Amino acid sequence: MIDRPATQLDPAALDAADPLAAFHDRFVFPDPALVYLDGNSLGRLPRATVERLAAVVREEWGGELIRGWTHWIDEPRRVGDLLATEILGARTGEVIVSDSTTVNFYKLARAALAARPGRRIVVTDRSNFPTDRYVLEGLADTGDGSVEVAWIDPDPVAGPQPEEIAAILDEHSGDVALVTLSHVNYRSAAIADMAAITGLAHAAGALVLWDLSHSAGSIEVDLEGANVDLAVGCTYKYLNGGPGAPAWLYVRDALQPELCNPIQGWFGQRDQFAMGQGYEPRPDIAAWLTGTPGILGLAAAEVGIRLIAEAGMDRIRAKGMALTEYAIALVDERLASRGVTVGSPRDMVRRGAHVAIRHPDAGRLTGELIDAGVVPDFRAPDSIRFGLSPLTTSFSDVARGVAVLERLLES
């Protein structure tokens, strides 16, 4: 907690005391004057990624050609194991890296519904990330009533609460097949109570699917400890995998024999190169592969994941809380009198690594910030998101971002 006015703190001194400061030089910063506060949408480029991709292109693709598949074929699972054990609190053999978040979300949601025959309700919230909502609406748009989405309308700052989930489970007692939520809300950064909500869903006989796109690499996650069934996420935000980097999916080991990948492709086939008739899925997490994985994307994602693992999620989480506390204190002290409010939870334990700054002209102000060399992003209807990626964002960045916003509001 900040024990004195944030305006009295020296951001340079805070940066000098930052135990993760050395990681700054592990990333590409072509314009030192740019204040980049959008690492929660696209992480910065690690220097090692440039070298790694060059080596894969020149030596593996260029030199090995088709022979590269003797080791490329294991990349989705190998990188998945690294992500599982170092960042997600999962076990080896439970995570695969491939496809997009949307495709993986569809796979798992459809499989969960199939695993709960006779139940037709999917529970989610109206503030969930759009792609998740759209996939669920598509699954329900069959015209036969076999799938129905039951919506909750949580507080826009606090996000879904266990008591809201309990109430809707009671309302649809015995008919809920799946509960699916984002662990960190993409607007407010509110962290849902994963363990409590998962336990409520299990008590009602439902499976649970979590979207960890704004969690992985920014806050500590314990999928095994929370007894989570299913999860998805991307690698291009806090994991710094690059634009269009492959996503990942998690299936708890005990559920793998029960659930079936609804998009059957040759990479999930048990005897892949026999090219035989009939589909027989592989007996492990690789059954959730579909088509050919992108090897260049996997190589870039692995670099980012290894950087996060090296830094340690405990230190990353600590800095994320410190950055957001500093940002909120500055907003309160310097911007509140100008019509600005904080749209993120005040309790840092319940807040991810971005801060929503609310103002009626947030869309226009975001454009003006970008023109002035500060890059956040806008989320309708009224939020400027300051994404404070712990490995690449400094306290000085936060101070400069708030100062520029203050100047724009004054003008």
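This is a short exchange about a predicted model and the terms used for its parts.

Biologist: Why are E3 and E4 called a pair?

Modeller: Pairing needs at least two bridges. E3 and E4 (residues 148-152) have 5 bridges, so they count as paired, in the parallel sense. Val123 stands opposite Ala150 in E4. The chain crosses from E3 through helix H6 (residues 130-140) to E4, and this β-α-β crossover is right-handed.

Biologist: How do you know that E3 pairs with E5?

Modeller: The test is again at least two bridges. 3 bridges join E3 to E5 (residues 176-182), so the two strands pair. They run parallel. Here Val122 stands opposite Leu178.

Biologist: Why is Cys234 called buried?

Modeller: Its relative accessibility is 2%. The limit is under 20%, so Cys234 is buried.

Biologist: And Cys260, buried or exposed?

Modeller: Exposed: Cys260 has 57% relative accessibility, and the cut-off is over 50%. As for disulfides, the structure holds 0.

Biologist: What makes Arg270 and Glu280 a salt bridge?

Modeller: Their closest N and O atoms are 3.0 Å apart. The cut-off is within 4 Å, so the pair qualifies. Both residues sit in the loop between strand E8 (248-251) and helix H9 (295-311), 10 residues apart. Arg270, at 44% relative accessibility, counts as partly exposed. So does Glu280, at 43%.

Biologist: How do you know that Arg358 and Asp382 form a salt bridge?

Modeller: The closest N and O atoms are 3.3 Å apart, so the pair falls within 4 Å. Arg358 is in strand E10 (residues 354-358). Asp382 is in the loop between strands E12 and E13, 24 residues apart from Arg358. Asp382 has a relative accessible area of 18%, under 20%, so it is buried. Arg358, at 25%, counts as partly exposed.

Biologist: Why are Glu368 and Arg364 separated by about one helical turn?

Modeller: Because they are 4 residues apart in helix H11 (residues 362-371).

Biologist: How many salt bridges does the whole structure have?

Modeller: A search finds 27.

Note on methods: Residues are numbered from 1 along each chain as its sequence is written. This is a predicted model: local features need pLDDT of at least 70, side-chain atom pairs count only at pLDDT 80 or more; totals for chains, interfaces and linings use all residues. Side-chain values use heavy atoms; hydrogens and water are left out. A crossover is right-handed if, with the strands pointing away from the viewer, the path from the first strand over the helix to the second runs clockwise. A disulfide is a pair of cysteine sulfur atoms within 2.5 Å. Buried means under 20% relative accessible area, exposed over 50%, partly exposed in between (1.4 Å probe, protein chains only). A salt bridge is a side-chain nitrogen of Lys or Arg within 4 Å of a carboxyl oxygen of Asp or Glu.
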